[in-house]
Amino acid sequence: MTEATQKMTVIEAINAALHEAMEADPKVLVLGEEVGDEQDGGVMGVTKGLSTKFGKDRVKSTPISEQAIIGAAIGASVGGYKPVAEIMLMNFVTVAMDMITNHAAKLRFMSGGQTNVPIVIRTMTGAGFSTGGQHSDYLEAWFAHTAGIKVVAPSNPEDAYGLMRAAIDDPDPVLFIENLPTYWTPHPVTKQVVPIGKARVAREGGDVTVIGHSLMIVHALGVAEKLAQEGISVEVIDLRTISPWDRETVLASVRKTGRALVVHEAVKQFGIGAEIAAVINEEVWGALKAPVKRLGAAFAPVPFSKPLETAFVPQPADIEAAIRALVA
Amino acid sequence: MTSNYPKPDDATLLEIFRKAALIKLNDERIIKQMMAGKLVMPYYSPRGQEIIPSAVSVNLDDDDYICTIYRGIHDMLAKGFPLGELWAELAGKVTGTCKGKGGPMHLTCPEKGMMVTTGIVGSSMPIATGLGWAAKLDGKKRVSVANFGDGAANIGAFHESLNMAALWKLPVIFICQNNLYAEHTSPAYSRVIDRISDRAAGYGMPGVTVNGNDPDEMYGAAKVAIDRARAGEGPTLIEAMTFRFNGHLLGEAGHYMDKAIYADAQAKDPMPILRARLIAQGIASEAEVAAIEADIDRQIDEALAAAMAADFPDAAELKRDVFAEEIA
């Protein structure tokens, strides 16, 4: 395997993207809790090596101060830099919501385009490790509901690399959601930039379209493979970018299949599936052979106990059952 | 300690007066326009706080950054905010500095170093800290000033920002404009300690309380802090004691304000005091001071007329400046 297509995990892919972006542009900075090598290069090692290679002026290990982390990133970006700020776990963004939604997302508009906030906020989440109600929530809908911030969520190392390079180069704030369960799966990485706002047809099919992101794509691809043995042809669309989402690709697929299932790990109620289903209904109603289905987590905090946690988030069996119901 | 401060020379004192007079006359004109129904906006008048930013700004260049808050027109004018764009913005016109999208609470003018005006109590500090980080990385000896009120000293962002700025030895000057009331809340309801500047010790930075209405003290404290920041010695907290004569939000009844305190503050209104001092010390004659005021009034006349004659922004502006690329 050549260097260009070596196998990498998501952790290695993001690490490579950060190294290469910092190498390519001295304005790229990294900050967050424990991101420096003296603190083990991040809680999962995503930032390993950066402080040693690029120095502690550009790679700042911070106090546990989420408001100040995002504020420092915003200020540095308004001052001409491109900071990549890490919020260790997605639930911790709650502590920095003012900085993210009132400031990072709005400064360009409120200043009439005089300032912009080219920051990346890396964060990680995902149920399945019994971390309970404050360490594994998917909160993407909050940010997708906020004008001025982009939201991306890769499901594999190839997209993790490509979206990180695109996010760092983007002139606007990007929330980059990493998924814990998919961190360690190796996959060939070609190191192509993945444009923000473009979904990927992860599997072509003709009977039903499954739309999702992150771990749900891994689940959907497994289910699609299984159902193919029975002659049910499933098209899987990996959104990759949650906001602004790729309507064209999604709507073209649903026009073709006439059936759609939107699945996400976040709570179903008021989740992004509601927006996507509504737009499908508005735009391709005439082509639908069945009502759009949605799958999402139960309307509850993430539970601790393993069987409860498994019941909380959509599992491959739930996706399979929903697809069968759609094509029945 | 304050007696050892450097004093402004006559020319600097006159410059402080020029800035302060602009703030006062501009404020009076805004109120007149609002009362006549010609300007409709939430207005947080800085009347009474003119000396603070005027004495600070004579130590700053256009390259130096400032962040301020909803009561921030005085900070902006002192740093040289263009009057025409200011009035157009207040009127919500497309010729405003933010194309009418920001308004009085989000005034921005990067070419003069005015990077962020926030409507959220406390949020100027984390961003000013980030600008301080950018300034330090640039290595050009520029500084970053965070303006905020006494109420903001009780919000978590204060603690996170001062701690981070001290830890990273950033060139940030934290200026707490203590006008005695946090919205309608007196210190008796908001803190135990008398002096907010005492908190600086907890972050390992110098902290001073000065009479913000005294141009000598305010100039001296600002100069010492700014020189220290430029020299790479880190941040300072300045608590500048002052008073605002028009309450929190223009139009309120002000019942929460102690009548004796109000009367005392009015008797010590810094503007007539400074004006009389310039004349008494022969720094400027009555005629010269009057000419300065007349010139300011003429500039305001022009800015006001141009603002009123300008167009409102087109509805298409809703799609612009949300992101770099226009939203479809």
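Visitor: Into which domains is chain A divided?
Guide: This is a predicted model. Chain A is split into two stretches, and the C-alpha centres of domain 1 and domain 2 of chain A lie 26 Å apart. The division of chain A is into domain 1 (8-188) and domain 2 (200-327).

Visitor: Which element gives the largest share of the side of domain 1 of chain A that touches domain 2 of chain A?
Guide: The contact takes 26 residues from domain 1 of chain A and 24 residues from domain 2 of chain A. On the domain 1 side, the elements giving two or more residues are α6 (140-144), β6, α7 and β7 of chain A. By class, that side of domain 1 of chain A has 13 nonpolar, nine polar and four charged residues. Its largest share, four residues, comes from α6(A).

Visitor: Which strands stand at the edges of the open sheet of chain A?
Guide: The sheet has seven strands with mixed pairing, in the order β3-β2-β4-β5-β7-β6-β12 (chain A). From one strand to the next, the twist averages 20°. A strand with a single partner has one side left without a neighbour in the sheet, so the edges are β3 (59-61) and β12 (241-243) of chain A.

Visitor: In the pairing of β6 and β7 of chain A, which residue does K150(A) stand opposite?
Guide: Strand β6 (residues 150-152) and strand β7 (residues 174-179) of chain A pair in the parallel sense, over three bridges. K150(A) has as its opposite in β7(A) the residue V174(A).

Visitor: At about what angle does helix α7 of chain A run to β7(A)?
Guide: Helix α7 (residues 157-169) of chain A lies across β2 (28-32), β4 (82-87), β5 (120-125), β6 and β7 of chain A. Angles are taken between N-to-C directions and run from 0 to 180 degrees. For α7 of chain A against β7(A), the angle is about 160°.

Visitor: Which residues have the most contacts inside the largest nonpolar core?
Guide: The core has 201 residues. Its largest share, nine residues, comes from helix α1 (residues 10-24) of chain A. Domain 1 (8-188) and domain 2 (200-327) of chain A each contribute at least three residues to this core. The residues with the most contacts inside the core are V210(A) and I238(B).

Visitor: Which residues is V210(A) in contact with, leaving aside its neighbours within four places in sequence?
Guide: In soluble globular proteins, nonpolar side chains tend to be buried together. For V210(A), with those sequence neighbours left aside, the contacts are A220(A), V234(A), V236(A), I237(A), L261(A), V263(A), I319(A) and I323(A).

Visitor: Which helix gives the most to the side of chain A that touches chain B?
Guide: The contact takes 34 residues from chain A and 36 residues from chain B. On the chain A side, α3 (66-78), α4 (97-104) and α5 (107-110) each supply at least two residues. By class, this side of chain A has 14 nonpolar, 16 polar and four charged residues. The element that gives the most, with nine residues, is α3(A).

Visitor: Is M105(B) buried or exposed?
Guide: M105(B) lies in the loop between α4 (83-90) and β2 (114-118) of chain B. A residue counts as buried if 20 or more other C-beta atoms lie within 10 Å of its own. M105(B) has 20 such atoms within 10 Å, so M105(B) is buried.

Visitor: What distance separates the C-alpha atoms of M105(B) and G72(B)?
Guide: Not counting residues up to four places away in sequence, M105(B) touches Y70(B), T117(B) and G119(B). M105(B) and G72(B) are 33 residues apart along the chain, and their C-alpha atoms are separated by 7.6 Å.

Note on methods: Residues numbered from 1 in each chain as written. Chains lettered and ligands numbered in written order. Predicted model: local features only at pLDDT ≥ 70, side-chain atom pairs only at ≥ 80, totals over all residues. Core = buried A, V, L, I, M, F, W, Y, C linked by C-beta atoms within 7 Å. Buried ≥ 20, exposed ≤ 12 C-beta atoms within 10 Å, placed from the backbone. Domains from an automatic or database assignment. Contact = placed C-beta atoms within 7 Å. Nonpolar A, V, L, I, M, F, W, Y, C, P; charged D, E, K, R; others polar. Pairing = 2+ DSSP bridges.
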